Amino acid sequence: MNVKIFDTEEVQNFLRLASGLEQEGGDPRIKQITHRILSDLYKAIEDLEITSDEYWSGVAYINQLGTSQEAALLSPGLGIDRFLDMRMDAQDEALGVEVGTPRTIEGPLYVAGAPVEQGYARLDDGSDPDGTPLIMHGVIYDADGQPMPGAQVEVWHANTKGFYSHFDPTGEQVAFNMRRTIITDAQGRYRFQSIVPKGYGCPPEGPTQQYLNQLGRHGNRPAHIHFFITADGHRKLTTQLNMENDPFVYDDFAYATREGLVVPVIEHNDEADYKANGLNEPYGEMEFDFKLSKLHQGVDNQVVERPRLQA
């Protein structure tokens, strides 16, 4: 029997009490958010007739999620990161902001403090035995379409096992492997050599994949490369590029694929070609130009501050 008590004065007063709205001190914004989330949860318990067993199973799951440090992995898997981007897109449209390269989710695996290089960088250390060399290059343009010297291009990606340095469970990667910050040259150009990354899946026994299994969903991501791009007078761009031929490029569990951010990897097999680039084997090439957007009324109105690993 579904008993309805949510709208009673007793429950509504109790929600205000539990949220601290009747108490002095504390943070008014936290109180406001807590009241709304508690209200939605109480209402869901009532409307869906969530049992005590189901509720405590959920509590145990949250504990497991925290122990495994996968909350930032489940978040994009449930589309929350993408929803936040959708809201920022809508805000830009409402403000009449002209956006250049599309934003997309950051993901949970950025590490601050990568070595800084001028114009060109070698990202990988050459230790991945399955790595196909990759050369990527392009130009950073300002909001008016002019090349931007001195722009900062932070780039990071996975190895051929789908693991990122600083998060690699095998312990095989050195610090900042496949992570660099490149300062564009006088023509606004960036260039780096690395290896073609592979996509990855959520840890199969981890809580994120366990949850996705209950939804009948996979936990795979296509091969991709992450970027932060910053420059004076412009908003920070958070984005990532997906490899065109990856089978999950339009079936990303994290919903990060966007039109305009899918790039082909051009194969170069000619010996003279790859030797001219200082390589001893065939390689892949990616070319992509980024366009930034201006500050809004002098500020970056959509910069995201979140906890990030410092190394």
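This is a predicted model: local features need pLDDT of at least 70, side-chain atom pairs count only at pLDDT 80 or more; totals for chains, interfaces and linings use all residues.

Biologist: How many residues does helix α2 have, and what length does α2 reach?

Modeller: Helix α2, residues 28-47, has 20 residues. From first C-alpha to last it reaches 28 Å, close to the 28 Å expected at 1.5 Å a residue.

Biologist: What is to be found at the start of α2, and what just after α2?

Modeller: At the start, a side-chain oxygen of D27 comes to within 2.8 Å of the backbone nitrogen of R29. Just after the helix, E49 adopts a positive phi of about 55°.

Biologist: Which residues of α2 are buried, and why do they line one face of the helix?

Modeller: The general idea is that an α-helix has 3.6 residues a turn, so residues three or four places apart point the same way. In α2, the buried residues are K31, S39 and E46. Seen down the axis of α2, its buried residues fall within an arc of 65°, so they line one face. What covers them includes α1 (9-18). On the other side of α2, R29, R36 and I37 are exposed.

Biologist: How much space lies in the largest pocket, and which helix supplies the largest share of its lining?

Modeller: In general, rolling a probe the size of a water molecule over the atoms shows where empty space is left. Here the largest pocket holds about 680 Å³ of space. Its lining has 19 residues, of which E54, G58, V59, Y61 and Y211 are the closest to the centre. Helix α3 gives the largest share of the lining, nine residues. Helices α2, α3 (52-67) and α6 (207-214) each supply at least two residues.

Technical notes:
Residues are numbered from 1 along each chain as its sequence is written. Side-chain values use heavy atoms; hydrogens and water are left out. Helices (H or I, at least four residues) and strands (E, at least two) are DSSP runs, numbered from the N terminus. The expected span of a helix is 1.5 Å times one less than its number of residues. Buried means under 20% relative accessible area, exposed over 50%, partly exposed in between (1.4 Å probe, protein chains only). The arc is that of the directions from the helix axis to the C-beta atoms. Contact means heavy atoms within 4.5 Å. A polar contact is a pair of N or O atoms within 3.5 Å; within protein, one must be able to donate a hydrogen and the other to accept it, and residues adjacent in sequence count only if both atoms are side-chain atoms. On a 1 Å grid over the protein atoms alone, a cavity is a set of points where a 1.4 Å probe fits but cannot get out, and a pocket is an open set with protein on both sides within 12 Å along at least five of seven lines; lining residues have an atom within 4 Å of a point. Grid points are joined across faces, edges and corners, and a volume is the space filled by probe spheres set on the points.
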